[in-house]
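Below is a short report on one model, arranged under headings so that each part can be read beside the sequence and the coordinates.

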Amino acid sequence: MRLSDREQDGVVILSPKGKIMGGPDASLLHDKLYEYIEQNKKRVVIDLAQVDWMNSTGLGILISGYTTLRNSDGELKLANVTEKIQSLLTITKLVTVFEAYDSIEEAVQSFK
Amino acid sequence: MKNPTISGNTIIIPSSHDFLTDVDVFVEGILNGYRIDESVIADIAISVSELVNNAISHGNAMLRDKTVTVTVSKKGDDISITISDQGGGFDPGEIADPLAEENLMKDTGRGFFIVRSLMNDVDIKTTDDGTSITITKSLK
């Protein structure tokens with residue numbers, strides 16, 4: 001998995017690429033997310049457009065980040081959720097937890 | 001064992017998450033050879049990754065001198081993959097329901113549920129000497 005990150009209109013955008021299955025790769029996303037949270041950047045979009053698939057480790061990172069941000073008046077939202085990940089969010093009922101948008105732009109705008 | 005070893009349709013890895021990608025490349029490589037739909041390959045790959053994660057962390061307790069063995073087979077329209085560890089076994093009945101309200105926001109505990117959701121059959125053989133789980137996906 002590779003990861004790119006940037007900020008747009010005060011919103012952190014994290015774009016992982018590949019598969020999120022655990023191990024060192026998954027730590028990369030977790031560590032970058034918490035690096036921003038520690039910098040008090042509390043509005044985060046995870047762009048999933050280029051994620052082939054993720055397993056429960058990936059879902060766990062999303063939930064952990066979501067909870068940490070909510071507890072400090074921040075928010076984590078999803079963008080470009082692929083069909084495969086949408087299916088996982090549905091069967092685990094996490095689809096009821098995350099706000100998801102069809103594009104990064106829409107996700108960023110939703111914070112305004 | 002320090003590195004993965006491959007023999008035919010079997011890969012054996014030391015108990016470290018560093019080798020998850022090796023298992024994935026190995027398994028998806030075989031499945032691609034069967035010309036299976038990409039979405040089905042992803043379902044199988046996700047399930048294998050869940051069970052290998054469990055075998056490393058819970059089964060073998062991250063002890064690198066213990067190994068995890070993954071074997072892929074195809075019989076007719078069924079793809080079966082067996083994941084075996086050298087741990088002390090577990091009680092499948094003790095796995096918590098990740099959909100229960102009190103568990104929904106936990107960041108762990110969904111792996112086995114996801115495997116059961118994606119696969120047609122999950123067969124667990126667990127003893128004090130290790131656990132062997134065979135997952136089957138029907139291509140029909």
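## A strand pair in chain B

Ile81(B) has Ile135(B) of β6(B) as its bridge partner, in a predicted model where local features need pLDDT of at least 70, side-chain atom pairs count only at pLDDT 80 or more, and totals for chains, interfaces and linings use all residues. Residues are numbered from 1 along each chain as its sequence is written, while chains are lettered from A and ligands numbered from 1 in the order in which they are written.

Strand β4 (residues 78-84) and strand β6 (residues 130-138) of chain B run antiparallel and are joined by seven bridges. Strands here are DSSP runs of E with at least two residues, helices are runs of H or I with at least four, and both are numbered from the N terminus; two strands pair if DSSP finds at least two bridges between them.

## The sheet and its helices

The open sheet of chain B is built from six strands in the order β1-β2-β3-β4-β6-β5, with antiparallel pairing. Because β1 (5-7) and β5 (121-127) of chain B stand at the edges with a single partner strand each, one side of each is left without a neighbour in the sheet. Neighbouring strands are turned by 15° against each other on average, direction ignored.

Helix α1 (residues 20-33) of chain B lies across β1, β2 (10-14), β3 (67-75) and β4 of chain B, and runs at about 175° to β2(B). Helix α2 (residues 38-59) of chain B packs on the sheet, where α2 touches β3, β4 and β6 of chain B and makes about 15° with the direction of β4(B). Such angles run from 0 to 180 degrees between N-to-C directions, with axes as lines fitted to C-alpha atoms, for helices over the stretch in contact, and two residues are in contact if their C-beta atoms, placed from the backbone, lie within 7 Å.

## Chain B as a whole

Along the sequence, chain B follows the pattern β-β-α-α-β-β-α-β-β. The radius of gyration of chain B, taken over C-alpha atoms, is 15 Å, close to the 14 Å that the globule rule (2.2 Å times the number of residues to the power 0.38) gives for 140 residues, so chain B is as compact as a globular protein of that length.

## The contact between the chains

Chain A gives 20 residues to the contact and chain B gives 21 residues. On the side of chain A that touches chain B, the elements giving two or more residues are α1 (23-38), β4 (51-54), α2 (56-70) and α3 (83-91) of chain A, and α2(A) gives the most, with seven residues.
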